[in-house]
Amino acid sequence: MFDEQAGGPDPATTLSLVTRARRMVLQTECQLIELAAHWSDLHHPDSQALTGRTLPGAEQGRQLGGEATPQVLEFAAAELGASMQTSIGSARALMADALDLRHRLPELWQHILAGDMPAWKARKVAQATRHLSRDSTMAVDAAVAGSIIGLPWGRFETLLAAKIIEADPRAAEEQAKIWEAERFVRAGRTQSGLKLLIAKANAGDVTWFMATVNRIAEILRLQGDMDSADVRRSKAIGILAQPALALQLLWEFRNEQHPAAEPQQPDEPIHNESKAPFDDSTTQPNEGPQETARQDNTSPDEQPEPAGCGDSETADRGLIIRPTGLDLGKLRPKVVLHIHLSQEALWAFTDGELCIGGGTARLEGIGPLTLGQVRRFLGNTTCDVRVQPVIDPQDTPPVDGYEIPRRIREAMFLRMPASCFPYATGTQRTDLDHTKAYLPPARSGPPGQTGVHNLGPLSRLEHRIKTFARWQVRQPEPGVWIWRSPHHAYYLVTNAGTQYLGNGSFARLIWKAAAPAQRDLVTTV
C-alpha cells in the first residue's frame, strides 16, 4: 500500500488513516445489517404468489426474530448466505438480528443507520433480548443504547444483564431457576497424572468453596509449604476430599489469622490480614466475646486433645468429635461480599404493580442477580451475615501520606470499578495511581494529596505507559479523567466509559480547562 523505501506516512497521518479505516469498517458492517433487513422485506410471505395448494416440504413463512417482528420465507437465507460466503444458519441469524434491531430496538437501530458502532455489539443485544416482550425489549434498548459505544464490552454486558432482569424480573427469576437445574461437576481428561475438574454451581456455593480452598491453602503456607498459591489450592482440593483431614486442619488453625476475603481472581495473592474491610474493631479473632464465653462454659474434658506433629501422626489423623459449645464460626473462612442494590431495586414495579424485592442486585465478581437469587444465597449460608455501612466516596477525606488506606481504596472501587485508561477492559488487579504526581511534604508537598480526587485505577502496564510513554492525564473533578496521547488525541473517561474527543481545537480547549489550579490539592468533599 505504501512505498516502503519512501518511509510511508508519518505517525500522525498513520493514526488518521487508522481512524478512517476503522470508521469505514463500522459503516460497512452496519450497512450489512441494513441490507439483511431489506432482504427480509423482499422475502415476506406476502411476496410469494399464491398457489392452489401447498406441497409437503414447500417453503413457508417463519418468524426469525422476537415478538412483533415480521415473518420471512424460510428459504431466503440460502441465497443471502451464499452471497456472503457463509452458511444458511449464519445468514438466518443475521436476518433475525436485523429484524429485532429494526422492530424492537429502535435506539440501537439509529446507531446502525449512523454506522457509528460495532455491528456485533448490537447483534449481541438483539440475541440477549429475543425472549422478552417487545415492550420489555424497548425498555432495555432505552437503558443501554447510550452506553454501548463508550463502555468496554465486559462492563456493558454486565449493564445489559441487569437491565434485562429489571425489564422482566419474574421471567429472570424463572430463567435463573432453570439455569440452577443445569448444575454439574465433571472430571476431564487426564494428563501426566493430573486431572481436570470442571464444575458449574451456584455462585454462592462457588464463593464459599473458593474461600475454603483459599483458607486451607493459607494453612498449608503456615505449615511451611512454600509452593505457589495455585499449587497449594490444588492440594487443598485433595484435602477437602478427605473431610476428616480438612476438619482437623481447620480446627488446629482456628485461632490463626484468617485471610480477610476471597481473592477476586485465582492468581491474586492470599493475604493474612486479621480484619475484614470496614472492620474498625481492635478485637482479634481469638479474643471475641463468644470465644471467651465458650471457654468459660466448656469443661476441660470437652476440650480436644492437641494434634500430634510429625509425618507418621499426620497420616493417622481421624475425625474430631465436636466438643460441646464449639463455635463453628471459627472454622469457616471469612468472606467479604460487595452486593450493590438501590432503593429502586427493593421497591420495583412488576407488571405495573409495586413488588417488594422485585429488582436486581450486582454481586462483585459474579454480575447481576435477581433479588431472589441473593436471598437464596444469603439464606442458605448457615452463617451470620453482617451488613456493613455504605461508603460514600464524597465523604471520604484524603490523607497526607503516599500510602493509600483501605477506606480510600474501597471508596475508589465504588466510584470507578474499572481502569481509568481509555477503552480499558480491566476490572481487577489495578493499582491506584496519583493523577498529579505525589510530592512528599518534606519537599513542600501540599496536604491531602492521597484521596479520591487525585487517584485513578490503572493496570500495571497502563501505569508504566503513563509514566514512561508520554501519555498525560488530568482529573478536573473526582471520577473524571482527561487523557492526552503522545500524538495529542484526547479522551474523556468516567465510570460510564470512554468518549473520544478528537484532536481539534475543542479537545485542546477541554484539556486546557482541565489543568489543575495552582493551589493545594485538598478539595472540599
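Contact is taken here to mean heavy atoms within 4.5 Å. The structure is a predicted model, in which local features need pLDDT of at least 70 and side-chain atom pairs count only at pLDDT 80 or more, whereas totals for chains, interfaces and linings use all residues. Residues are numbered from 1 along each chain as its sequence is written, and side-chain values use heavy atoms, with hydrogens and water left out.

Of the 525 residues in the protein chain, 37% are buried; buried means under 20% relative accessible area, exposed over 50%, and partly exposed in between, with a 1.4 Å probe and protein chains only. Among contacts with a separation of 6 or more, 61% involve residues 24 or more positions apart.

Helix packing comes next. Two packed helices are described by the angle between their axes and the distance between the axes. Axes are lines fitted to C-alpha atoms, for helices over the stretch in contact, and angles run from 0 to 180 degrees between N-to-C directions. Helix α5 (residues 119-128) packs with helix α7 (residues 153-167) at an angle of about 25 degrees, and the two axes are 11 Å apart. The angle therefore makes α5 roughly parallel to α7, given that angles under 35 degrees count as roughly parallel, over 145 as roughly antiparallel, 65 to 115 as roughly perpendicular and the rest as oblique. In this pair, Trp120, Lys121, Lys124, Val125 and Ala128 of α5 meet Trp153, Phe156, Leu160 and Ile164 of α7. By class, the contact holds 7 nonpolar, no polar and 2 charged residues, with Ala, Val, Leu, Ile, Met, Phe, Trp, Tyr, Cys and Pro counted as nonpolar, Asp, Glu, Lys and Arg as charged, and the others, Gly among them, as polar.

Helix α5 also packs with helix α3 (residues 88-104), here at an angle of about 85 degrees with axes 9 Å apart. This angle makes α3 roughly perpendicular to α5. Ser90, Ala93, Leu94, Asp97, Asp100 and Leu101 from α3 meet Ala122, Arg123, Ala126 and Gln127 from α5. The residues of this contact divide into 5 nonpolar, 2 polar and 3 charged.

Returning to α7, this helix also holds Thr158, which is partly exposed with a relative accessible area of 28%. Not counting residues up to four places away in sequence, Thr158 touches Arg362 and Pro368. Thr158 and Pro368 lie 210 residues apart in sequence, yet their C-alpha atoms are 6.6 Å apart in space.

Val72, in strand β2 (residues 72-73), is buried, with a relative accessible area of 1%. Beyond residues up to four places away in sequence, its contacts include His43, Gln60, Leu64, Met95 and Leu99.

Thr494 belongs to strand β14 (residues 490-494). Leaving aside neighbours within four places in sequence, Thr494 is in contact with Met416, Gly479 and Val480. The side chain of Thr494 also reaches the backbone nitrogen of Ala496 at 3.1 Å.

Definitions and conventions
Helix = DSSP H or I, 4+ residues; strand = E, 2+ residues; numbered from the N terminus. Polar contact = N/O pair within 3.5 Å; in protein donor to acceptor, adjacent residues only side chain to side chain.
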